[in-house]
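Let's go through this one in a few quick questions and answers. Have a look at the model first.

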Amino acid sequence: MNKYRNLKQRHIEEVDKFPLMFAFSDEQFNEGMKKLGLNPEDTKEITSIGFGGFVKKSDLKDYIQLCQKHKEEIQNEINHDKDGTGFIKDMFIEELINHEYGYTHEIDAVLDALSITPEEVNRNKNLKNGLKIALERCFSKNYDEKVEDILLNENEAEENEP
């Protein structure tokens, strides 16, 4: 059983039930406004949540609370994984695959998706262990290279960008 996958699936289902819309064209915008029970010209009634998403201003507080609840649930599971071999490992495996780490070797996309910084991984032995195990499981090789080095290489790349 992958607890991370199950939790993320429940989060997706909760967001899918929430009254929001995504629009990337005028047609999608008009359809989305109808879905929210509004006329397309009622733009003062909605607010952007980023990435093409919109909610009614009256629902924004509930949307923020839902997102915060999801973040807290993930953090709670991370806190309860005492050695990184359970939830944390599953979390990293899922996100390494989702963000094509095997192809890109860019750990920042994985960490960004989890709202975790390289510094947090380096400070938390459970996160570090879970990431090491996930890398080994996903890529069938022993990561003698320390996770700190992978994270350090990513930080150095960012520092050297123009």
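Q: Which backbone oxygen does the side chain of N126 reach at 3.3 Å, besides that of K82?
A: This is a predicted model, where local features need pLDDT of at least 70, side-chain atom pairs count only at pLDDT 80 or more, and totals for chains, interfaces and linings use all residues. Residues are numbered from 1 along each chain as its sequence is written, and side-chain values use heavy atoms, with hydrogens and water left out. The N126 side chain reaches the backbone oxygen of K82 at 3.3 Å. The other backbone oxygen, also at 3.3 Å, belongs to D81.

Q: Is N126 buried or exposed?
A: N126 sits in helix 8, residues 125–139. Leaving aside neighbours within four places in sequence, N126 is in contact (heavy atoms within 4.5 Å) with D81, K82, D83, G84 and I88. Buried means under 20% relative accessible area, exposed over 50%, partly exposed in between (1.4 Å probe, protein chains only). N126 has 15% relative accessibility, so it counts as buried.

Q: What about H11, buried or exposed?
A: H11 has its place in helix 1. Not counting residues up to four places away in sequence, H11 touches H70, E73 and I74. Its relative accessibility is 5%, so H11 counts as buried.

Q: Which helix gives the largest share of the lining of the largest pocket?
A: Helix 1 (3–17), helix 3 (60–80), helix 6 (107–114) and helix 7 (118–123) are among the elements that each supply at least two lining residues. The largest share is 9 residues, and it comes from helix 3.

Key: Helix = DSSP H or I, 4+ residues; strand = E, 2+ residues; numbered from the N terminus. Polar contact = N/O pair within 3.5 Å; in protein donor to acceptor, adjacent residues only side chain to side chain.
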